[in-house]
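Work through the exercises below with the sequence and the 3D structure open beside you, and try each task before reading its solution.

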Amino acid sequence: MRFTAVLSAALLATVALTCLPTRPYAQVTEQEAAQLKSRLTPVGAERAGNADGSIPAWTGGLVTAGSAASLTGPRPDPFAGEKPLFSITSKNFREYADRLPEGAKHLFERDPDYRMDIYPSHRTAAAPDWVYDNIYRNATRARPAPEGIAYGVEGAAGGIPFPLPKDGFQAMWNHLLAFWGPAREVTVSTYVVPADGVAEKASGYKEIADFPYYYRDATPDSYGGYYFKTLHMAVAPASRVGEGYLNWQPINIKRHDFAAWRLLPGEHRVRKAPAISYDVPNTDAAGYMSEDEYYIFFGGLDHYDFKLVGKADMFVPYNNNRLYAKPVAEVLGRNHPNPDTLRYELHRVWVVDGTLAAGAHDVVPHRRLYLDEDTWMAVYGDSWDEQGKLWKFGQATMYLMPDVPAVVIGSQFIHDFELGGYAYTFAFNGEAAPYTVTAPHPATLFSPESLSARSVR
């Protein structure tokens with residue numbers, strides 16, 4: 001059984017435009033935006049399924065009437081009774097090569113026991129109607145910042161800014177500004193499985209995060225210069241309990257700095273810290289990831305030239321609710337995640353290639369991101385080193401939250417093929433409190449003064 005990538009005539013025109021060295025920003029017309037209520041879904045995905053029906057039509061996603069307040073554990077898996085349609089293994093993966101990222105191909109070549117179980121596809125992604133209304137408005141009002149789209153966007157709030165993307169930067173802004181809800185609370189951990197295969201818990205923290213960009217009453221002028229604010233308080237290991245970290249992500253990096261502060265328990269004071277951006281090593285992951293590998297890619301876009309490569313049907317980790325109900329010991333295999341705990345489905349993705357921009361420096365000079373068309377969130381990331389050798393492979397596990405409603409990036413696996421081993425990040429397996437989408441928190445919570453007040457030593 002073999003599938004082929006799909007590239008539409010409309011997308012070919014889009015890709016051709018991205019190859020031009022410079023061009024003025026082309027405003028989306030009302031007639032073009034009307035496609036979001038007909039041929040396209042409210043977020044800009046193709047409403048129809050693919051030709052053979054292996055990707056179904058989008059019919060509104062999966063939405064339930066419950067609320068997160070009633071949750072007492074992990075959200076259930078609505079497809080628990082399904083069996084795999086087939087499996088991709090080291091013996092047959094070349095038959096499906098055009099539907100796999102480069103990192104997965106490397107794992108198949110390297111590890112005879114690596115496997116992807118392919119299940120029926122379900123387009124469960126949904127968002128509240130007010131988000132859809134904002135996306136429709138954003139389609140014709142969002143625009144690059146005057147400093148350039150690599151640095152920021154203007155005229156958008158409450159939904160992805162570019163549902164009809166005209167270049168790779170617009171697609172990447174959709175990823176950065178995808179819908180997570182207005183705020184959340186979750187306790188997560190990072191586990192590292194080094195080359196010797198012995199897993200260890202590197203860190204754990206409680207996160208409180210707000211997305212002012214997604215406050216219900218937000219307008220392009222009201223939510224301030226920062227679209228995301230997060231507060232981390234360490235809960236593991238014991239030596240780091242009481243350590244805190246506060247981060248603000250700007251909507252325009254030319255006008256507002258990446259802002260971060262760290263609280264060290266022994267010092268009883270708050271200090272400025274590296275922000276979640278660029279290639280700063282992530283202190284929670286023991287060298288296995290940099291800050292811009294959060295959510296597969298996060299932070300500033302200005303280190304790269306992003307190009308739309310095309311749109312493809314790919315096997316991606318989707319509707320993975322059963323993963324988060326498993327004990328971590330069952331999830332973490334010696335060389336890769338336990339294939340029994342993951343679910344893969346065929347979905348359409350936007351493929352975006354990032355190469356190092358002129359004059360920029362980054363430890364990863366070439367990245368390729370694969371953005372789920374129904375959420376705009378990156379499901380995979382391939383990274384190459386300066387010699388053009390595949391270095392890292394990230395895969396998100398998409399988490400279904402029909403009570404929000406939303407499908408978001410859940411836990412992530414980051415493989416380092418040069419160092420050997422991998423990290424399992426943003427893991428909330430076994431936590432007593434579920435991943436909870438909440439109402440916005442007080443703005444004062446995300447201040448250095450509030451972080452300082454949390455000092456316990």
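**Exercise 1: strand 8 and its partners**

Seven bridges join strand 7 (residues 226-236) to strand 8, and these two strands run antiparallel. The model is predicted, so local features need pLDDT of at least 70 and side-chain atom pairs count only at pLDDT 80 or more, while totals for chains, interfaces and linings use all residues. Residues are numbered from 1 along each chain as its sequence is written, and side-chain values use heavy atoms, with hydrogens and water left out.

Task: find which residue of strand 8 is the bridge partner of histidine 232, and state why strand 8 is largely enclosed by the rest of the structure.

Solution. Strands are DSSP runs of E with at least two residues, numbered from the N terminus, and two strands pair if DSSP finds at least two bridges between them. Histidine 232 has tyrosine 245 as its bridge partner in strand 8. Next, five bridges join strand 8 to strand 9 (residues 259-264), again antiparallel, and there asparagine 247 is partnered with alanine 260. Finally, seven of the seven residues of strand 8 (residues 244-250) are buried, so this strand is largely enclosed by the rest of the structure; buried means under 20% relative accessible area, exposed over 50%, and partly exposed in between (1.4 Å probe, protein chains only).

**Exercise 2: aspartate 305**

Task: state where aspartate 305 lies and which residues aspartate 305 touches.

Solution. Aspartate 305 belongs to strand 11 (residues 304-317). Leaving aside residues up to four places away in sequence, aspartate 305 touches Phe169, Asp353, Gly354, Thr355, Leu356 and Ala357, where contact means heavy atoms within 4.5 Å.

Technical notes:
Helices (H or I, at least four residues) and strands (E, at least two) are DSSP runs, numbered from the N terminus.
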